[in-house]
Amino acid sequence: MKKKRRPIPNPDLVKIQQECMALDEEPRWLIALISDTAMRLSEACGFRACDIHLDGDTPYIDLVEHPWRRLKTSSSSRQQVPLVGASLWAAHRILQTGSTLAFPKYCSGAKCNANSASAALNKWLKPRVPDGCLIHSFQHSLSRHTIRRAFMRR
């Protein structure tokens, strides 16, 4: 039987986002990016800086397949995933590095290592989230306030 993933409660989510911004380092940018977009960890690890679009009324990411990282399903390709809150902050930080890859620590351009990212990020998250929550729990945690923030920017 497949175990159901628990969402991260909103108060914990907000604290994690604040701590990510305070620490301001690549692994925390990855968490912040996932926290407000509901992207899969492997999707986020393997995208390029040019997939980020900050010009225009609503900043967004185009989530497309790359040779070094395939998407889970054909419907996983998503255009214009809105960037708000912590994910918008993370996108700005990623672009400031000048790197072609968003997360070179976890993706070489030939291969992505989402398993390594998952292990490291889960170790950091464990004392900050309830039992049963993992890095993949962010996909199930997209809160109503995040959705409202995305549409208020339009």
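A residue is called buried when its relative accessible area is under 20%, exposed when it is over 50%, and partly exposed in between (1.4 Å probe, protein chains only). By this scale, Glu19 counts as partly exposed, because its relative accessibility is 28%.

This is a predicted model, in which local features need a pLDDT of at least 70 and side-chain atom pairs count only at pLDDT 80 or more, while totals for chains, interfaces and linings use all residues. Residues are numbered from 1 along each chain as its sequence is written, and side-chain values use heavy atoms, with hydrogens and water left out.

**Overall architecture**

The protein chain contains six helices and three strands; helices (H or I, at least four residues) and strands (E, at least two) are DSSP runs, numbered from the N terminus. Read from the N terminus, the order of the elements is α-α-α-β-β-β-α-α-α. Of the 154 residues in the protein chain, 47% are buried. Among contacts (heavy atoms within 4.5 Å) with a separation of 6 or more, 67% join residues 24 or more positions apart. The protein chain exposes about 8,400 Å², and carbon and sulfur atoms supply 51% of this area; accessible areas come from the Shrake-Rupley method with a 1.4 Å probe, and for residues only the protein chains shown count as cover.

**Confidence**

The average pLDDT (the predictor's confidence in each residue, from 0 to 100) of the protein chain is 83, and 77% of the residues score at least 70. Confidence is highest in α4, with a mean of 96, and lowest in helix α6 (residues 144–152), with a mean of 46. The pLDDT is below 50 over residues 147–154, a stretch that has 14 contacts in the model beyond near neighbours in sequence.

**The nonpolar core**

A nonpolar core is a set of buried Ala, Val, Leu, Ile, Met, Phe, Trp, Tyr and Cys residues joined through side-chain atoms within 4.5 Å. The largest such core has 37 residues, and those touching the most other members are Ile16, Leu30, Ile31, Leu33, Phe47, Phe103 and Phe138. Two or more residues of this core come from each of α1 (10–23), α2 (26–35), α3 (41–45), β2 (60–63), α4 (85–96) and α5 (114–125). Apart from neighbours within four places in sequence, Phe103 is in contact with Glu26, Trp29, Leu30, Leu33, Ala44, Cys45, Phe47 and Ile94.

**Polar and charged pairs**

Ser35 lies in helix α2 and is buried, because its relative accessible area is 1%. Its side chain makes a polar contact with the side chain of Gln17 at 2.8 Å. A polar contact is a pair of N or O atoms within 3.5 Å; within protein, one must be able to donate a hydrogen and the other to accept it, and residues adjacent in sequence count only if both atoms are side-chain atoms.

The structure holds five salt bridges, each being a side-chain nitrogen of Lys or Arg within 4 Å of a carboxyl oxygen of Asp or Glu. The table lists some of them.

| Salt bridge | N to O distance |
|---|---|
| Glu19 and Arg128 | 2.8 Å |
| Glu43 and Arg40 | 2.7 Å |
| Arg48 and Asp51 | 3.9 Å |

The salt bridge of Glu19 and Arg128 links distant parts of the chain: Glu19 belongs to helix α1 and Arg128 to the loop between α5 and α6, 109 residues apart. Arg128 is partly exposed, with a relative accessible area of 26%. Glu43 is buried, at 1%. Arg48 is partly exposed at 28% relative accessibility, whereas Asp51 is buried at 4%.
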